[in-house]
Amino acid sequence: MALLPPILPEKEEWYNDLPCGYLTTSVDGIILEVNETFLKIIGCTRDEIISKCSFQEFLSIGSKMYYETHYRPLLQMQGIVTEVNLVFIRRDESQTHALVNTKQIKNKQSLVNQIMIFEITQRKVYEQELFLMKEKAEALAEELRISNENLVKQSHLVRSQNERLEVLNETKDKFFGIVCHDLRSPLNSLKSLTYLLLRQYDSLTQAQISKMMSELNHSLEGTIKLADNLITWASLQMREAKACPETVSMDELLTPILGIYKAVYEAKEIRVNYQLADGLKVYSDPNQLAFIVRNLLSNAIKFTPVGGSISIVGTYETDHHLRLLIKDSGAGIPKHIADKLFSMMAKSTRGTEGEEGNGIGLMLCKQFVEMNKGDISFSTDKEGTVFSLLLPANV
């Protein structure tokens with residue numbers, strides 16, 4: 001703001017009508033002259049204040065303290081103070097804010113203070129309103145930011161749910177495909193074989209009956225395994241299955257499973273090598289672990305050619321984990337199948353002797369392994385396939 005102009009003659013009409021308050025005080029603040037604008041600001045008459053009141057008497061308590069500690073010392077040092085915000089108390093006890101400019105000059109051989117006052121109460125109101133509007137705008141911006149974040153999260157959730165629905169639809173189609181084809185086909189085969197036995201039993205030779213019974217038994221075993229896998233899968237989908245881990249001897253777990261499949265792998269003249277570390281114990285759900293081993297061993301037998309070999313090796317991997325390897329000497333797994341081997345989308349392939357499958361056993365194995373805080377992986381080449389299980393050990 002520009003420096004104060006010299007005081008104008010009080011008889012000048014426009015001096016009294018200035019848009020700002022104008023007054024002259026002694027160095028101590030005693031009011032010597034004022035214009036009408038200042039009188040209107042404070043609500044007093046000229047006779048009430050001229051030579052009777054000091055400038056600081058019209059200040060609020062806070063402004064008086066500022067006047068004494070900052071305003072007056074600064075004025076004495078540099079002779080001018082500009083744009084200081086002070087609060088004035090009117091005659092009716094109301095308050096008004098004003099910007100005050102003061103210049104100390106010599107007048108008739110004495111120092112006086114020329115003070116110019118710009119009332120800014122309305123501006124303060126505007127500033128407060130602007131401040132409130134700014135706060136509201138910032139609050140609204142924050143609400144919009146949070147809303148946008150929520151929308152993004154919801155969008156991701158919807159996308160995730162859509163992807164999940166697509167997987168579920170594919171799973172449903174796969175499931176019903178298995179039920180309609182893989183389950184119905186062996187049941188129809190069983191029906192045909194039993195019908196043939198009933199109708200032609202008396203005309204069949206003992207060798208023919210033995211062969212048909214063998215086929216019937218083979219078909220029944222496959223159907224039972226498929227039904228077992230489907231029931232297990234359905235239980236997992238309904239979140240009914242859960243792991244109940246306990247300490248299990250790997251030798252006690254594997255021995256009866258090998259006994260179950262002995263006739264099957266001996267029929268294909270497959271050599272099974274079985275080697276476990278002494279006292280090897282696992283901390284897993286015994287039923288789920290048995291399911292895993294049965295499926296892996298069944299697959300190994302299925303894809304191992306006549307005269308081939310299967311090796312089962314169990315060792316401690318770390319102080320807290322063990323490794324179980326099941327290796328076959330088959331032709332390996334084609335890449336287009338290996339990429340989806342542990343998913344519901346895995347394609348079933350026939351074994352070396354035409355054995356059928358349904359493509360969900362390995363998916364269930366993976367789910368059970370993960371439920372027991374383990375890991376399953378595989379490697380494959382023309383010399384065979386190795387399935388590796390990493391499981392919690394009890395040492």
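Predicted model: local features only at pLDDT ≥ 70, side-chain atom pairs only at ≥ 80, totals over all residues.

Between which two elements does the loop that holds Lys373 lie?

Modeller: Lys373 is found in the loop that lies between helix H10 and strand E11 (375-381). The residue is exposed, because its relative accessible area is 72% and the cut-off for that term is over 50%. Its backbone also deserves attention: phi of Lys373 is positive, near 60 degrees, although the residue is not a glycine. Most residues other than glycine have a negative phi. Ser51 is another non-glycine residue with a positive phi, of about 60 degrees. Ser51 sits in the loop between helix H3 (46-49) and helix H4 (61-78), and its relative accessibility of 54% places it among exposed residues.

Helix H10 covers residues 361-371 and packs against H8 at an angle of about 145 degrees, the two axes lying 9 Å apart. On the side of H8, the contact is made by Gln288, Phe291, Ile292, Asn295, Leu296 and Asn299. On the side of H10, Gly361, Leu362, Leu364, Cys365, Phe368, Val369 and Met371 take part. The crossing of H8 and H10 is left-handed.

H8 itself runs over residues 286-303. At the start of H8, the backbone nitrogen of Asn287 has a side-chain oxygen of Asp285 within 3.0 Å.

The side chain of Lys268 comes to 2.9 Å from the backbone oxygen of Ile301. Lys268 belongs to the loop between helix H7 (250-267) and strand E7 (271-276). Its relative accessible area is 6%, and Lys268 therefore counts as buried, the cut-off being under 20%. Lys373, by contrast, is exposed at 72%.

E1 comprises residues 21-26, and six of its six residues are buried, so the strand is largely enclosed by the rest of the structure. Gly21, Leu23 and Thr25 point one way from E1, while Tyr22, Thr24 and Ser26 point the other way, and all are buried. E1 has two strand partners to describe here. With strand E5 (residues 110-119), E1 pairs in the antiparallel sense through six bridges, and Gly21 stands opposite Ile117 of E5. With strand E2 (residues 31-34), E1 is also antiparallel, and three bridges join the two strands; Thr25 has Ile31 of E2 as its bridge partner. Four residues lie between the strands in the hairpin of E1 and E2, where Gly29 adopts a positive phi near 100 degrees.

These parts belong to a chain with ten helices and twelve strands. Of its 395 residues, 37% are buried. Among contacts between residues at least 6 apart in sequence, 61% join residues at least 24 apart.

Technical notes:
Residues numbered from 1 in each chain as written. Heavy atoms only, no water. Expected span 1.5 Å × (residues − 1). Polar contact = N/O pair within 3.5 Å; in protein donor to acceptor, adjacent residues only side chain to side chain. Buried < 20%, exposed > 50% of the residue type's maximum accessible area, 1.4 Å probe, protein only. Pairing = 2+ DSSP bridges. Axes fitted to C-alpha atoms, helices over the stretch in contact; angles between N-to-C directions. Left-handed = near helix turned anticlockwise from the far one by under 90°. Contact = heavy atoms within 4.5 Å.
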